[in-house]
Amino acid sequence: MTESETTARTPLIRIEDLQKRFGSLQVLKGITENVYEGEKIVVIGPSGGGKSTFLRCLNCMEDPDGGSIFFEGVDLADLKVDINVHREHIGMVFQSFNLFSNKTVLENIMLAPLTIGTRRLRKESLRQGLRGYRKAKKELTDRVREEAMSLLKRIGLEEKADEYPSKLSGGQKQRIAIIRALAMHPKVMLFDEPTSALDPEMVGEVLDLIRKLADAGMTMIIVTHEMGFAREIADRVFFISDGVISEQGTPDEFFNHPRQERTRDFLSKVL
Amino acid sequence: MPSLIADFAKKWEKFYHVFAESGGYREVLLGLRNTLLIAVLGLLIGILIGTLIAAVKVLPRYKRVTRFFQKVCDVYVAFFRGTPMVVQLLLGYYVLFPLLGISLPVLEVCIIVFGLNSGAYVSEIMRGGIQSVDPGQMEAGRALGLSFSVTMGKVVIPQAVKNILPTLGNEFITLIKETSIVNFIGATDLCVAFRYIGTNNYEFMVPYLVMAVIYIVLVLLITWGIRTMERRMKRSDRV
Ligand SMILES: Nc1ncnc2c1ncn2[C@@H]1O[C@H](COP(=O)(O)OP(=O)(O)OP(=O)(O)O)[C@@H](O)[C@H]1O
Ligand SMILES: [Mg+2]
């Protein structure tokens with residue numbers, strides 16, 4: 001994607017002067033950036049620099065203290081916005097998987113689309129009369145189950161559909177967490193160190209899945225310490241340290257020709 | 001020593017006579033039924049109220065209404081934990097319901113007061129249970145677009161309940177034992193039934209012994225039931 005192509009379109013996420021404090025600690029000190037549709041952003045930086053906080057502000061898991069996050073034209077930082085509706089379109093994958101441990105794999109994937117779909121059906125049927133609600137509900141359930149199963153097939157875990165998460169390996173859990181997010185048809189996926197909690201031999205299978213998603217055109221923002229993967233997948237790299245994006249650029253610019261002393265110092269430690 | 005045994009045998013015979021032949025068993029069955037009814041329904045009401053209070057207490061605090069309801073819950077819990085249950089029972093029967101203009105049978109008053117009381121204790125138990133669930137579970141639900149209450153109801157509370165099942169069992173046992181105070185407002189429970197049998201011929205030793213045995217058997221049965229339930233749940237989800 002060339003520079004002129006990206007600037008010609010309106011960004012999917014527009015971040016303006018984003019600020020976040022925890023008590024007296026100013027973690028994000030004003031971040032302004034655009035993320036365009038289809039872009040793969042990799043976020044890198046020293047521990048405690050604010051990478052997770054940045055990512056978690058994007059879907060308001062942490063409410064920003066200042067600035068705006070425009071997602072599809074709506075400012076999510078505005079507390080009057082119904083954040084749940086927008087979160088449906090922003091998938092998030094956590095370092096520690098966070099599969100629902102009281103639900104089977106299939107139930108994990110189905111819970112959100114089914115609950116949210118059902119609520120919509122109910123609203124509609126209040127308007128149009130209750131007739132047909134049952135039929136529609138059944139169709140919804142079937143459709144959601146079918147889609148969940150086909151997602152499971154895509155990652156080759158369909159035989160685990162009725163298992164509980166506690167019986168799965170870390171790599172399997174994380175891949176299921178990813179397709180659980182995909183089941184909501186998100187427009188962007190946020191990953192916070194998706195492979196950091198994995199045994200080394202399982203990192204590959206998770207990165208492969210993320211790579212496939214990237215190839216399919218998904219917009220994504222990935223916080224990671226996997227430098228090789230970052231270099232390979234990123235359209236742009238954000239270097240966050242001390243609460244700001246202190247340097248950003250294409251992987252080639254960033255890894256091969258870093259401009260800032262701070263970046264060079266960091267890269268010399270991790271590469 | 002032999003005379004003691006002979007004496008006891010005589011007392012047993014007297015008890016047996018009143019219990020089996022003069023219809024004392026009917027009184028005991030009624031008492032047992034009431035004891036169980038008050039404890040079981042009380043616990044159910046307690047779980048409902050307790051879960052609600054616990055959910056309100058873990059709500060994020062930034063809205064004013066939330067903080068108001070949290071204060072109300074605090075006062076409620078402080079009252080029910082800070083006064084003896086007998087006092088609550090008397091207040092319910094002689095003050096609250098008359099003031100509300102409601103006249104209810106004693107048994108129902110007992111069930112409601114036990115439920116309200118248990119709600120306060122269960123709320124603390126449940127709050128501990130909710131806080132013991134990994135916060136990542138709530139985050140994952142919210143990140144998918146589910147609301148706080150849906151995530152609470154479908155993900156967090158089921159896991160919390162599993163964690164606190166043994167403690168809830170203890171609460172049930174406490175309630176069973178506490179029912180022995182309902183005679184203060186004239187309800188019949190196990191205690192009252194056995195005192196009635198004893199009063200029949202002023203022979204209290206055997207009736208009260210049998211009564212204690214029944215309480216112990218009840219408690220052991222409940223303990224066993226809870227263990228079985230726990231084991232079942234573990235099988236479906238080993239951590
Ligand atoms: N909920 C919170 N309450 C208080 N302080 C927090 C909270 N979350 C993060 N912080 C602080 O904010 C700073 C930035 O944390 P953050 O998790 O965003 O860093 P990070 O770049 O993701 O680091 P890492 O690479 O270790 O994950 C840290 O000093 C951290 O201690
Ligand atoms: Mg982090």
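In the predicted model, Glu139(B) forms a salt bridge with Arg56(A), and the closest N and O atoms of the two residues are 2.7 Å apart. This pair is the one salt bridge that the rule finds across the interface of chain A and chain B. Polar contacts across the same interface comprise eight residue pairs, with both partners at pLDDT 80 or more. On the side of chain A that touches chain B, at least two residues each are supplied by α3 (83-87), β6 (90-93), α4 (105-128) and α6 of chain A. Of these elements, α4(A) provides the largest share, namely four residues. By class, this side of chain A consists of 13 nonpolar, seven polar and seven charged residues.

The extent of the interface was also computed. Chain A contributes 27 residues to the contact and chain B contributes 23 residues. Between them the two chains bury about 2100 Å², of which 54% lies on carbon and sulfur atoms. Within the area that chain A buries against chain B, 22% comes from Asn84(A), Phe100(A) and Asn102(A), more than from any other three residues.

Over all chains, the structure holds 21 salt bridges. One of the salt bridges joins Lys187(A) to Glu72(A), with 2.7 Å between the closest N and O atoms. This pair links distant parts of the chain, since its members are 115 residues apart. Lys187(A) is located in the loop between α6 and β7 (188-192) of chain A, whereas Glu72(A) is located in the loop between β4 (66-71) and β5 (74-75) of that chain.

The volume of the largest cavity is about 50 Å³. Its lining is formed by residues of both chains: Met92(A), Phe94(A), Ala177(A), Arg180(A) and Ala181(A) from chain A, and Ala140(B), Ala143(B) and Leu144(B) from chain B. At least two lining residues each are supplied by α6 (170-182) of chain A and α6 (135-143) of chain B. The greatest contribution is that of α6(A), with three residues. The lining of the largest cavity contains seven nonpolar residues and one charged residue, with no polar residues.

The largest pocket holds about 1100 Å³ of space. It is lined by 34 residues, of which Pro60(B), Tyr62(B), Met138(B), Arg142(B) and Phe148(B) are the closest to its centre. Both chains take part in the lining of the pocket, with two or more residues given by each of α3 of chain A and α5 (106-132), α6 and α7 (148-178) of chain B. The lining of the largest pocket divides by class into 18 nonpolar, five polar and 11 charged residues.

Notes
Residues numbered from 1 in each chain as written. Chains lettered and ligands numbered in written order. Predicted model: local features only at pLDDT ≥ 70, side-chain atom pairs only at ≥ 80, totals over all residues. Heavy atoms only, no water. 1 Å grid on protein atoms, 1.4 Å probe; cavity = no way out; pocket = protein on both sides within 12 Å on 5 of 7 lines; lining within 4 Å. Points joined across faces, edges and corners; volume = space filled by probe spheres on them. Nonpolar A, V, L, I, M, F, W, Y, C, P; charged D, E, K, R; others polar. Contact = heavy atoms within 4.5 Å. Buried area = accessible area lost by both parts, 1.4 Å probe. Salt bridge = Lys/Arg side-chain N within 4 Å of Asp/Glu carboxyl O. Polar contact = N/O pair within 3.5 Å; in protein donor to acceptor, adjacent residues only side chain to side chain.
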